[in-house]
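Colleague: Could you walk me through some of the words you use for this structure? I would like to hear what stands behind each one.

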Amino acid sequence: QVQLVESGGGLVQAGGSLKLSCAASGRIFSINAWRWYRQAPGKQRDLVAVISSGDSTNYVDSVKGRFTISRDNAKSTVYLQMNSLKPEDTALYYCNALIRSGFGTRDYWGQGTQVTVSS
């Protein structure tokens, strides 16, 4: 069984920082791209950032220059460093990865971690 476990969410004031982590566990052979999504109440789940297996990164325009996605392949972990946080960043953040494991190749999702930014 492959699992993604997230951590690092919390309550922070506007202008503050948080660092999210998402660790994969199980019989993993390889992890392709990692993605971070977020979903605010009453809204759809949106892609925030992606990092490829070759460490290329892309961000949604609203977080460019403030968020940084990175990965540690040895630890099967992805990070999202979030700086200069704004109230509109408040959402449930999910990690996602395409993983090749003993169970085949498929998408996996974390359980979500809440980020709340107060004004």
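Colleague: Why is arginine 38 called buried?

Modeller: Buried means under 20% relative accessible area, exposed means over 50%, and partly exposed is in between, using a 1.4 Å probe and protein chains only. Arginine 38 has a relative accessible area of 13%, so it counts as buried. Keep in mind that this is a predicted model, where local features need pLDDT of at least 70, side-chain atom pairs count only at pLDDT 80 or more, and totals for chains, interfaces and linings use all residues. Residues are numbered from 1 along each chain as its sequence is written, and side-chain values use heavy atoms, with hydrogens and water left out.

Colleague: Which residues does arginine 38 touch?

Modeller: Contact means heavy atoms within 4.5 Å. Leaving aside residues up to four places away in sequence, arginine 38 touches several residues, including Gln44, Ser62, Phe67 and Tyr93. Asp89 is also among them.

Colleague: What makes the link between the side chains of arginine 38 and aspartate 89 a polar contact?

Modeller: A polar contact is a pair of N or O atoms within 3.5 Å; within protein, one must be able to donate a hydrogen and the other to accept it, and residues adjacent in sequence count only if both atoms are side-chain atoms. The side chains of arginine 38 and aspartate 89 come to 2.9 Å, and the pair is listed as a polar contact.

Colleague: Where does arginine 38 lie?

Modeller: Arginine 38 is part of strand β4, residues 28–39. Strands are DSSP runs of E with at least two residues, numbered from the N terminus.

Colleague: What joins β9 to β10?

Modeller: A hairpin does, through two residues. The two strands pair antiparallel over six bridges, and arginine 100 has threonine 105 as its bridge partner in β10.

Colleague: What makes β1 and β7 edge strands?

Modeller: Four strands form an open, antiparallel sheet in the order β1-β3-β8-β7. β1 (3–7) and β7 each pair on one side only, and they are the edge strands. β7 is joined to β8 by six antiparallel bridges, with isoleucine 69 partnered by leucine 80 in β8.

Colleague: Is serine 76 buried or exposed, and how does serine 84 count?

Modeller: Serine 76, in the loop between β7 and β8, has a relative accessible area of 18%, so it is buried. Serine 84, in the loop between β8 and β9, has 40% relative accessibility and therefore counts as partly exposed.

Colleague: Why is glutamate 88 called exposed?

Modeller: Glutamate 88 reaches 57% relative accessibility, so it counts as exposed. This residue also lies in the loop between β8 and β9. Glutamate 88 and alanine 14 are 74 residues apart in sequence and 9.6 Å apart in space, C-alpha to C-alpha.

Key: Two strands pair if DSSP finds at least two bridges between them.
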